[in-house]
Amino acid sequence: MSKSGPENGNDFESGIGVERVVELELKQELYLEMKQELYLEMKAGNESMLVQEQPAPSFKALRRLVVNPDDPLPAGPVGVDYGVLENGLCYYVRKNAKPKERAALALGVRIGSVLEEEEERGVAHIVEHLAFSATRKHTNHDIIRFLESIGAEFGACQNASTSPDETIYELMVPIDKPEILSQALNILAEFSTEIRISDEDLEKERGAVLEELRGGRNAMGRTQEAHWLLLMKGSQYANRQPIGLEKVIKNVTASRVKDFYHRWYRPENMAIVAVGDFHTTENVVELIKQHFGERKPHAVDNNFPTIPAFSVPSHEEPRFLCFAEKEAGGSAVMISCKVPAKQDTTIKDYRFMIAELMFHSALNQRFFKISRQKNPPFFYCISSSENLVRPVKAYIMTANCQERGTLQALEQMLTEVARVRRYGFSEREIALVRAPLMADIESAYLERDQMQSTNLREEYLQHFLRGEPVLGIEYEAQLQKTLIPDISAAEVAKIAEYYHAKCNCVIKTLEPRARSTERDLKAILAKVQALEGGDIAPWDEEHTPDSIVDKLPIPGEVVQSKEFPDIGATELILSNGMRVCYKFTEFLEDQVLISGYAYGGLSEVDKSDFLSCYLGSTIAGEIGVFGHKPSVLQDILAGKRAEVSTKIGAYMRNFSGDCSPTDLNAALQLVYQLFVAEVEPADEEVQLVMQMTLEGIKAQERDPFTAYSNRVRELNYGNSYYFQPITAKDLNKVDAKRACQYFNSCFKDPSGFTVAIVGNIDIEKALPLILQYLGGIPKPEIPVMIYTRDELSALPFTFPAQVVREEVRKNMVQAQCSVQLTFPVQLKGLDVMEEVHYTCFICKLLETKIMQVLRFKHGHVYSVSVSAFLGGSKPSRFGNVRGEVAVSFSCDPDVAWKSVDIALDEVKRLQEEGPTAEDVSTILELEQRTYEIGQQENGYWLDRLLRAYQSRAYSGDLIHSMQAQEQWRNAVRSKATAVTMKDALCRILPVPCKEHYTAVALIPRASRWQQLLTKLVITEQDLSAESKVALAAAGIVFIGAAFWKYTVRR
């Protein structure tokens, strides 16, 4: 929460101060109330004189605080056991019940890549990798095996991260067994001082680090690196990106890595955070003292350096960069203005932070409306601020625009900020951004006892690493309720001063081909600066209706009701045929989830009509599917936490919503509008949508990975039209009117839809809303798109009948390689749903085992993913289930096919020998832990209800269907042994696996010179001496001709 402001620009005192006499009166009033409460308790016979704990007041009942701008914020982290051990290590311990029987742990280290010497660039990140490889007590990746054995998954970027200023290690562990918490804390304690760094350990991990480096050398990585160098120019940060240098990763010695580790990893630079469903925090503090209390720093010549403070030089004149990236995903503009970062310590600082949030929100509302105008200067633009590194914060505007449109986008971005500086925001605009801020803090306050442990863990980490205040949600809710209403439009508009060319400004354009120049950018900047003094017009506000629905519908009726007490759910059949099932939960105080589906989707569309219908959701979404333009709907919903989205798939149409219980009315109104509002395309709107789609297609065509993934789909699905990519040429065939007609028909007839509602539902209030807005949807006289699941048309796709190994060769700026190994799957028999569960289990087994051989044994990859796709088959109650199991990874192009063969060998070995009992136990534990956490989430129960209705076992009895799902899962778990998992591998995957699969690898295309050289080398081996002389002469002639051609072009 570190915020800052320009000189003399952080004075936000107006509207805060309260007369001293009023303050004294309020304090006297509170004193009298407390005295009266104590008297009543004594009168009731409370001889112990202890004031009983009272229920916390509602958000509306919270009193506004009496504060002054220079009052300090509460010192120290609030609501957490905080302390410092004798060796200097800090600890934060908090009891929190969500999720149950889990603890979120972290070791935060104030050490990052900025502390590296030139020969150490990348070492901080290498230390992070080595931590999970071996420590004094744990060797050969025992830590990872332990984490997986207790159901705590290990994965890329999942357990640790390194930045310029800090390194963080995180664990999420079950604590239903007392010893697990102690073991997990011991692992983090080992990370603090006992990471083993040997030559052997380092060699094993180099490959994974190099692959992570290679993975970042894509278009986005190169773009970010160029921008970072410009932002941090002249500072240590500029050349200390965490990934480091390839030459260092390849050649750094274990002694050099160990020296960095011993020099900086010291207790006073660390904090341990533990947030979880503990019985008491005192026991956890004692465990921390036990595992961390005796940790001492390693002496390096008895020299314990302090962490230096690195500065980033300021610059009055703006910096410019026109960056050309031929693999770019589009054209973009970024404006960054740097300011010194500072800690929030006073009420004035906190007030500024809120005003800053309001500024970004108000400006982003304008940007969104501009992006939906005719011939917009950009398709998307957003303003934000963030701490880049410890000493620097930046205000950042980013816009995506059409090719050749960067200058127009830049001008509009600068103009809009200039407009705010001159005219400010209207009171209406500020009201529209004030409302959602109040709604957000109310939601956070209502769910204060239901916060996720991981969120609290992050809050405490930032307190230690960045000095961000931890005020406690109760105080913060009161403070925001006090400050937000008083922040004026003029106060918010002051933030625009930070977007100034003289404020350490950096302006960058990104284009597939360099079309703009630094001179162009300077000219645009000068033009807007000149306009700011005279010709900028005020903002033209858009009219906003008062409500979502113009005319309230006539409520429907409940024609049938059925209670399911075993799961706490109720099913209603409404008079229009819609089926609604609702379930009350207490998982989150401020959440209600809604989802509806109907059978029948794109598989029913004629091939000639497919493109238009496929783009129906995209076109309709940009026009507005709820009876209002998206920009207008945004204003209508200001202050309401309600959103609804749609999806049209192969076999189903869906809508999904998320809202606060108080805004269920708005969410259901959106669903009503979805069914009754007709989406009608206008030429201007269609032109905008098609232009945005075209730019997206062009960006994909430049991207080597898109060509690769497209080829994978084409190969594995037999060139089926449903899976083919849309090309720029295809857009000419799209009929926008037909697209909107199809979308309208998808959400027209309520009688085909089943709707599930899960969350904190007050049914006495919710039922009238359900009847009015769901029951009030008119049923067409003639049924529209009503299908039964068994009569749906199946998608046309076929997997190759033989082995296919194929390379997709593309020109690349830097060598990248991605690989997908795919096996066909066909689940058969009476127990086909058990087979689905077995498929999920073997995917996790394969992922774990292939990761062990490719990363931990051979060092070829950074991570491996194994997934199953079974969605190609229609959702019939009968027949087989078809799909695939795919193994995906990235690696060095030179070892791509060797890695494929290693993965195939491991699958073959598992089919022949089977997994170990330990392997099966690990997979079962991972699944069980995921299952337990899911049962504490609204999303899990929403999905559970929907899957029960869509299950093969459903024939009108919801409970029977849900029980069948549990039985299938439990049957597989109870039968899961090394033998049965081996059988499942042979039954579900082809046997032998090496005789039926596809493997596609994205490989860099060699340059023409490399191709010529390769041919020359190959040819030379079979030529006589005379032929070699002739070939050499011909080569000289060819090179000379090429050089002449190049010089002529120049």
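Predicted model: local features only at pLDDT ≥ 70, side-chain atom pairs only at ≥ 80, totals over all residues.
**Ground rules.** I number residues from 1 along each chain as its sequence is written, and side-chain values rest on heavy atoms, with hydrogens and water left out. Local features need pLDDT of at least 70 and side-chain atom pairs count only at pLDDT 80 or more, while totals for chains, interfaces and linings use all residues.

**His129.** I found His129 in helix α2, residues 123-131 (helices are DSSP runs of H or I, at least four residues; strands are E, at least two; both are numbered from the N terminus). His129 is buried at 4% relative accessible area (buried is under 20%, exposed over 50%, partly exposed in between, with a 1.4 Å probe and protein chains only). What does its side chain pair with? I got a polar contact to the side chain of Glu205 at 3.0 Å, and another to that of Arg855 at 3.3 Å. A polar contact here is a pair of N or O atoms within 3.5 Å; within protein, one must be able to donate a hydrogen and the other to accept it, and residues adjacent in sequence count only if both atoms are side-chain atoms.

**Cis bonds.** Lys98 to Pro99 is cis, omega near 0°, and Pro99 sits in the loop between β2 (90-95) and β3 (102-109). Val991 and Pro992 are also joined by a cis bond, omega about -5°; I placed Pro992 between α31 (978-988) and β23 (998-1004), in the loop.

**Positive phi.** Glu101, in the β2-β3 loop, has phi near 55° and is partly exposed at 40%. Asn504 has phi near 50°, but counts as buried at 14%. I located Asn504 in the loop between α15 (489-493) and β11 (505-511).
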